[in-house]
Amino acid sequence: ETVGNYVLNKCETLKELTLLPEVARIGTSAFSGCPLERVSVSSIEHLFNISGMFLLGNTSLCVNGVETTDIVIPNTVTTVRSAFANWTKLTSVTMGDSVESITSGAFRGCSSLSRVTLGKNITTIGSSAFSNCTSLKSIEIPSGVTMIDEYTFQSCTNLTSVKLPDNLQEIRFQAFLDCSALESITIPATVHTIGATVFGDCTSLKNIALPDKLSSITNYLFKNCTALKSVVMPSNLRSIGNSSFLNCSALESLVIPELVKTIGENAFSGCIGELTVNSTTVIETDYTETQTWLKNTSFSAIKLGEKVTKVGNFALAGTPSMTAIYIPTHIQSLGTKAFADSAGELVIDNSLVEKNYDFWTNPYDTWMAGAKFTKLTIGEGVKQIGNYVFTQANSITEVVIKGDISYIGAGAF
């Protein structure tokens, strides 16, 4: 009833194998290294009653004397095991409603598998169940599945359509990593957890809306999603992880919601679109010269939400590729070196410009210290320019004043 571990390992002349109905278990690496060309079983039921791997690479499968690459799982089967992993001749799988679970790695590496029909009573799909199924184009997950396990569809490079169940709650680590043909996916409102790098290297993904139950965007979630143009952020979002939008170079705009408290290192590195920040915590927090959340970003513009009233120390620093930063009228204070190393245009329509500054007492602690703006635009609401306001703006080559200025203070520029 059992073929032992390694029993025929590396038998270099073994090309055909017939498994009698009595065989119920194949041991570890029992046929590994054998140049098997054909495996025969008496019935499809027998195929699913065998525990262990015996279909290797390009091996042909004969069921009751008939060669097949299409598998219809009989209604007697409740668990689909990993007998098919890395069997490259498998082209389609149809599961009956008796199937309740698919084990980890069940169809991993089945590179010719292009069509899968899952039974409606499936509740569990194990990790890596369909990873590296590079011919798979679409999949519909049954309603009983509440969690997509880690690596489940990793490197399914031709996958273009995924229908997730309405009551899904969790998508785990790298579940869709390197699904490079996937252009869009609808995530149900019930999802509260999405693991790290789930959509990493999905280079065709263009648009996605994250559900409001999601409180955290994990590390590397969208790394190298180079076609990603639009992301609808969750209203209850609290944190954005390290490198979560790394190299999302097509991102046209992004809004950081009001409740966000923390943003990880290099979260937006390589992003070039427009950023709107509604989070008071992110902007009003004091940072240091070496720990700025905007480091290595290339946003074309940054705008501040209406509830933001101050800009902390170094809070908008470290963006040398910036096109424009907008400081509206509702900003009441600007921290030390708030714009250090940030370039492009500073657009300011704020009475802070009208204040006099004591440049000689603290010459390196002003809000303009270290800024590298090349253009300054002063809005219509500004009526005068205080002493030494822009003294440290050494890189500015162009000044545009839109309103009527009645007074310009000593050393203003």
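# Strands, sheets and salt bridges in a predicted model

Ile171 lies in strand S16, which spans residues 170–171.

User: What kind of model is this, experimental or predicted?
Analyst: This is a predicted model.

User: Is Ile171 buried or exposed?
Analyst: Ile171 is buried, because its relative accessible area is 0%.

User: Which residues does Ile171 touch, leaving out those up to four places away in sequence?
Analyst: Ile171 touches Ile148, Leu164, Phe176, Thr193, Ile194, Gly195 and Val198.

User: What about Arg172: which residue does Arg172 form a salt bridge with?
Analyst: Arg172 forms a salt bridge with Glu170, and the closest N and O atoms are 3.2 Å apart. Arg172 is partly exposed, with a relative accessible area of 34%. Glu170 also counts as partly exposed, at 22% relative accessibility.

User: Moving on, how many salt bridges does the structure hold?
Analyst: The structure holds seven salt bridges. One of them joins the side chains of Glu67 and Lys89, at 4.0 Å from N to O. This pair links distant parts of the chain, with Glu67 in strand S6 (residues 66–68) and Lys89 in the loop between S8 and S9, 22 residues apart.

User: How exposed are Glu67 and Lys89?
Analyst: Glu67 is partly exposed, with a relative accessible area of 43%. Lys89 counts as partly exposed as well, at 23% relative accessibility.

User: And where do Glu274 and Lys303 meet?
Analyst: The side chains of Glu274 and Lys303 meet in a salt bridge of 3.8 Å, N to O. Glu274 lies in strand S24 (residues 274–277) and Lys303 in strand S25, so the pair ties together parts that are 29 residues apart in sequence. Glu274 is partly exposed at 28% relative accessible area, and Lys303 is partly exposed at 33%.

User: Which residues do salt bridges with shared partners join into one network?
Analyst: That network consists of Asp149, Glu170 and Arg172.

User: Now the sheets. In what order do the strands around S10 lie?
Analyst: Three strands form an open sheet in the order S8-S10-S12, with parallel pairing. Strand S8 (79–80) and strand S12 (124–125) stand at the edges with a single partner strand each, so one side of each is left without a neighbour in the sheet. Two bridges join strand S10 (residues 101–102) to S12, and the bridge partner of Ile102 in S12 is Ile125.

User: What order do S19, S21 and S23 take?
Analyst: They form an open sheet in the order S19-S21-S23, and the pairing is parallel. The edge strands are S19 (216–217) and S23 (262–263), each of which pairs on one side only. Strand S21 (residues 239–240) is joined to S23 by two bridges, and Ile240 stands opposite Ile263 in S23.

User: How many bridges join S25 to S27?
Analyst: Two bridges join strand S25 (residues 301–304) to strand S27 (residues 324–327), and these strands run parallel. Ile302 stands opposite Ile325 in S27. Four bridges then join S27 to strand S29 (residues 343–348), also in parallel, with Ala324 opposite Glu345 in S29.

User: Finally, which residues form the nonpolar patch on the surface?
Analyst: Val399, Ile401, Ile408 and Phe413 form that patch, with about 340 Å² of accessible area together. Ile401 belongs to strand S32 (residues 398–401) and is partly exposed at 36% relative accessibility.

Notes:
Residues are numbered from 1 along each chain as its sequence is written. This is a predicted model: local features need pLDDT of at least 70, side-chain atom pairs count only at pLDDT 80 or more; totals for chains, interfaces and linings use all residues. Side-chain values use heavy atoms; hydrogens and water are left out. Patches are made of residues with over 30% relative accessible area and no salt bridge: like charges are joined within 9 Å, nonpolar side chains (Val, Leu, Ile, Met, Phe, Trp, Tyr) within 5 Å. Accessible areas come from the Shrake-Rupley method with a 1.4 Å probe; for residues, only the protein chains shown count as cover. Buried means under 20% relative accessible area, exposed over 50%, partly exposed in between (1.4 Å probe, protein chains only). Two strands pair if DSSP finds at least two bridges between them. Contact means heavy atoms within 4.5 Å.
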